[in-house]
Amino acid sequence: MKEQVIKLNEKIFIHLMKTDKFKSNVIAAFLLTDLDSETVTKNALIPAVLRRGTAKLQTMKDISIKMDEMYGALFDASTDKIGDKQAIQLYASAINNKFTLNGEDLLAETLEFMFDAIYNPYLENGIFCEEYVNGEKETLRELINSKINNKGSYAMFRCTEETFGDDPYALFKYGNEADLEEITASNLYDQYQTILHKAEKHFYICGDVEEEKIKEFFENKYEKIPTTLEMIHEPEYRTKKSELNITEVKEVREKMDVTQGKLVLAYDVDVDLSAESFYKMTLYNTILGASSNSKLFQNVREKASLAYTTRSTYLKHKGVLFVTAGIELDKYEKALELIKIQVDDMRKGNFSDEDIKDAKVFLKNLFNSIKDDQITLVELSIGNFILGLDASIDEMIASFEKVTREDIVEVANKTRLVTNYYLCAE
Amino acid sequence: MIYECLNEKIYTEKLENGLQVVIIPKKGGIKKYAAYATHFGSINYKFKTDNENEAITVPDGVAHFLEHKLFEQEDGVNALDKLTKMGANPNAYTSFNHTSYLFECTEDFEDVLKALIHFVQNPYLTEENVEKEKGIIGQEIQMYDDDPHWQLFFGLLNSLYGGHAITKDIAGTIESIAEITPETLYACYNTFYDPSNMILCVCGDVDVNETMEIIKAETKAQKVFSEIDRFYGDEDENIKTKKTEKKMDVSIPMFMIGFKDLSNAAKLKAGMPEEINETIKYDVSMQILLELITGESTKLFEDLYNEGLITKGLAGEFSSEEDYAFSAISGETKNVDEVVGRINSRINEMKTNGLDKEEFERTKKMLYGRFVRGFEDVSTIANMFVNDFFRGVNASKYTDVYKTIDLEYVENVLRNHFDFEKQALSVIMP
């Protein structure tokens with residue numbers, strides 16, 4: 001399966017992933033806007049309001065009943081942070097027409113519904129419905145506050161926030177509770193109009209589909225939607241490396257009622273965001289802490305029994321590496337020391353050729369597996385697009401193969417610890 | 001035997017050594033998956049074989065501990081590392097009633113399958129490596145201590161059940177695992193890891209005959225027991241307590257209500273009609289009912305959402321095994337009493353008025369579609385077959401049930417299951 005990109009105009013991209021191996025078709029839409037403290041909360045609220053109703057299906061119940069009738073089709077709208085972009089994303093998925101019991105054309109219905117959800121939301125007096133906006137403000141307030149419920153992801157968020165400081169990437173993807181006060185049905189609708197005009201839009205269609213039909217559908221739809229001058233403006237950048245402005249390691253301690261401590265270390269990596277750096281850093285990250293053969297897993301968990309979970313994650317859109325560990329509260333010093341030794345060993349080249357080989361096999365398997373999962377395929381593609389990485393899965397695997405020991409040591413020596421965040425007991 | 005389900009063929013065979021094999025050669029996919037599982041989980045703390053005069057009792061968490069330790073091999077190479085090096089993604093898990101060793105891979109499937117069978121069949125347990133594992137598992141137990149959803153779930157189990165082993169935490173406690181020795185683990189291994197107590201399920205684009213040959217050649221018959229007697233603790237049909245509450249660092253109260261049902265075995269014993277005992281039909285009925293009570297297409301959900309009482313969906317689940325059965329409905333809300341009251345009114349109303357024909361048909365169609373969707377991922381498919389095998393269910397039968405189940409049957413299940421005398425509530429408060 002090869003991804004085919006149809007550029008309808010400067011701001012509208014249709015990504016076709018044509019294959020008959022799946023039992024459902026997935027349709028996704030991403031409206032990409034700059035991550036910005038001024039708009040982050042509004043942009044997080046918009047998909048929640050879109051989810052509430054369309055001009056035709058005015059309530060969530062109407063939508064849900066429609067989805068039930070479409071053989072349990074799924075629909076969701078949410079927000080995500082991808083590099084320096086905040087995405088308003090909508091997903092819909094329905095089983096292949098061939099599995100319906102009465103020969104319904106679910107693909108056509110799904111496309112139509114998706115387009116309605118974006119362009120024909122339920123309005124009252126020409127703006128978003130006030131009841132929906134107010135209801136979703138409360139839901140979003142709860143979602144923002146619930147970030148403490150999962151201690152692992154909370155620690156990760158807090159470390160990101162401390163590391164990026166004033167940079168927009170520090171923002172929580174659901175925004176700030178304080179911003180909610182100012183939001184009204186009217187100013188939220190204005191923001192959405194701005195997004196519809198300015199945002200780059202990516203539609204993904206993955207499944208058993210015909211190219212001509214899809215193209216025709218979008219051309220017909222967009223004929224009726226006026227294009228403004230702003231729409232031919234190319235984005236300045238989709239993501240870039242940030243100046244972190246941290247000279248000495250920033251130590252952050254936070255206390256909560258927990259029985260296990262959560263340690264997160266952030267390392268700034270002095271590399272550009274090129275494809276080449278991505279391949280090198282991915283190999284580095286795999287050997288350090290992404291697989292069960294990794295140095296962190298083997299030495300911190302298996303040999304020293306200091307943690308049940310420990311891993312490293314490379315944030316490809318920002319060139320930052322995170323190391324996380326769930327540890328016993330009285331073993332903080334020991335675990336920290338052992339983690340630092342692993343990172344240092346990478347710098348000194350203290351890893352074997354077999355480690356490199358294992359990492360390549362691991363990555364090959366991992367990336368090949370993505371071919372069987374529609375949602376992950378879509379996520380990988382949009383992520384790569386924002387990074388500016390234009391490569392198929394097979395090409396990515398081939399590039400991992402070419403990374404050498406010298407490449408890995410080179411990037412290992414560009415890592416610098418910037419934040420030490422520890423969530424521990426009161 | 002060969003079954004068909006959604007254009008896929010399902011091959012099943014019981015080998016001479018007693019092992020149940022299921023192969024689903026799903027065409028066109030890249031991922032291949034295998035799970036080798038034993039009918040031994042956290043609730044098996046007391047058991048007896050024909051070779052022993054008396055039942056033996058083992059410390060809580062022993063099945064899970066053994067799961068961790070089986071990866072350790074005599075040649076010093078950890079099986080997890082070995083399979084990972086082969087390009088596979090190996091893992092294992094322990095549930096209440098089974099332990100499963102599994103891997104997903106894209107290449108060299110046959111070699112990895114052999115390696116899986118090999119390590120599960122060759123335990124290597126020493127004082128030293130058992131001691132070392134206590135640290136890692138201790139960390140895992142603490143991680144769950146901080147997980148509000150896990151605590152919520154166990155709060156419900158501890159309200160519904162008094163003496164049954166299902167109330168024991170799957171990983172045990174720091175104190176119980178301290179008592180585990182290589183001898184305990186070998187005793188469990190020798191009892192439960194006999195092919196006659198296991199299933200091997202493969203899903204992915206594989207050659208059926210070759211795969212079957214490998215499994216036949218690699219799995220060895222050990223001592224064959226005629227029967228393992230399992231004791232789960234004393235339990236009657238009544239619940240232990242109406243409500244359990246716990247305080248944790250969370251942003252909003254979480255609740256889970258559950259109804260205790262008779263286990264599949266107890267239903268038989270109580271002389272309930274054969275038909276109501278068809279596990280798949282009963283399960284599908286419960287899926288439909290839970291959807292009709294709390295699903296997003298219901299008026300109840302719409303009202304609760306619009307009134308700001310809930311901010312996301314309510315989850316409904318039904319578990320039925322040989323020795324226990326219960327339903328659970330969970331959610332997050334500022335006002336637990338109000339939401340629980342409204343859910344109960346909805347159940348009462350359904351019991352009084354019966355089900356709406358149109359809603360019923362729509363829900364059936366929806367669940368059928370969800371099932372088709374689930375039949376995509378090799379791990380989801382294989383895990384479903386493994387799970388269902390241990391409760392005597394052939395998962396290839398679901399699609400027929402979704403198409404044919406009738407309203408009257410489901411109404412019978414509604415009146416049988418949702419007995420308010422058997423309802424309990426678990427709450428996590430900020």
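Two strands pair if DSSP finds at least two bridges between them, and strands here are DSSP runs of E at least two residues long, while helices are runs of H or I of at least four, both numbered from the N terminus. With that in hand, take strand β5 of chain B, residues 46-49: 4 bridges join β5(B) to β10(B), and the two run antiparallel.

Before I go on, the ground rules. This is a predicted model, in which local features need pLDDT of at least 70 and side-chain atom pairs count only at pLDDT 80 or more, while totals for chains, interfaces and linings use all residues. Residues are numbered from 1 along each chain as its sequence is written, and chains are lettered from A and ligands numbered from 1 in the order in which they are written.

Back to the sheet. It is open, with 3 strands in the order β6-β5-β10 of chain B, paired antiparallel. Which strands stand at the edges? They are β6 (56-57) and β10 (228-231) of chain B; each has a single partner strand, so one side of each is left without a neighbour in the sheet.

Next, the domains of chain B. The assignment gives domain 1 as 2-231 and domain 2 as 243-429; such bounds come from an automatic or database domain assignment. Taken over C-alpha atoms, the centres of domain 1 and domain 2 of chain B are 28 Å apart. Contact means that the C-beta atoms of two residues, placed from the backbone, lie within 7 Å. On that basis 34 residues of domain 1 of chain B are in contact with 31 residues of domain 2 of chain B. On the domain 1 side, α5(B) gives the most, with 9 residues. By class that side has 18 nonpolar, 12 polar and 4 charged residues. Nonpolar here covers Ala, Val, Leu, Ile, Met, Phe, Trp, Tyr, Cys and Pro; charged covers Asp, Glu, Lys and Arg; the others, Gly among them, are polar.

How many residues of chain B are in contact with chain A? There are 49, and they touch 49 residues of chain A. The largest share of the chain B side, 10 residues, comes from α13(B). By class, the side of chain B that touches chain A has 16 nonpolar, 17 polar and 16 charged residues.

Now the interior. A residue is buried if 20 or more other C-beta atoms lie within 10 Å of its own, exposed if 12 or fewer, and partly exposed in between, with C-beta atoms placed from the backbone. A nonpolar core is a set of buried Ala, Val, Leu, Ile, Met, Phe, Trp, Tyr and Cys residues joined through C-beta atoms within 7 Å. The largest has 191 residues, and B:Ala34, B:Tyr36, B:Leu116, B:Leu200 and B:Cys201 touch the most other members. Beyond its neighbours within four places in sequence, B:Cys201 is in contact with residues including B:Val22, B:Ala382 and B:Phe385. A second, separate core of 52 residues includes A:Leu265 and A:Met281.

Last, chain A. It holds 15 helices and 13 strands. Its radius of gyration, over C-alpha atoms, is 23 Å, close to the 22 Å that the globule rule (2.2 Å times the number of residues to the power 0.38) gives for 426 residues, so chain A is as compact as a globular protein of that length. Of those 426 residues, 47% count as buried.
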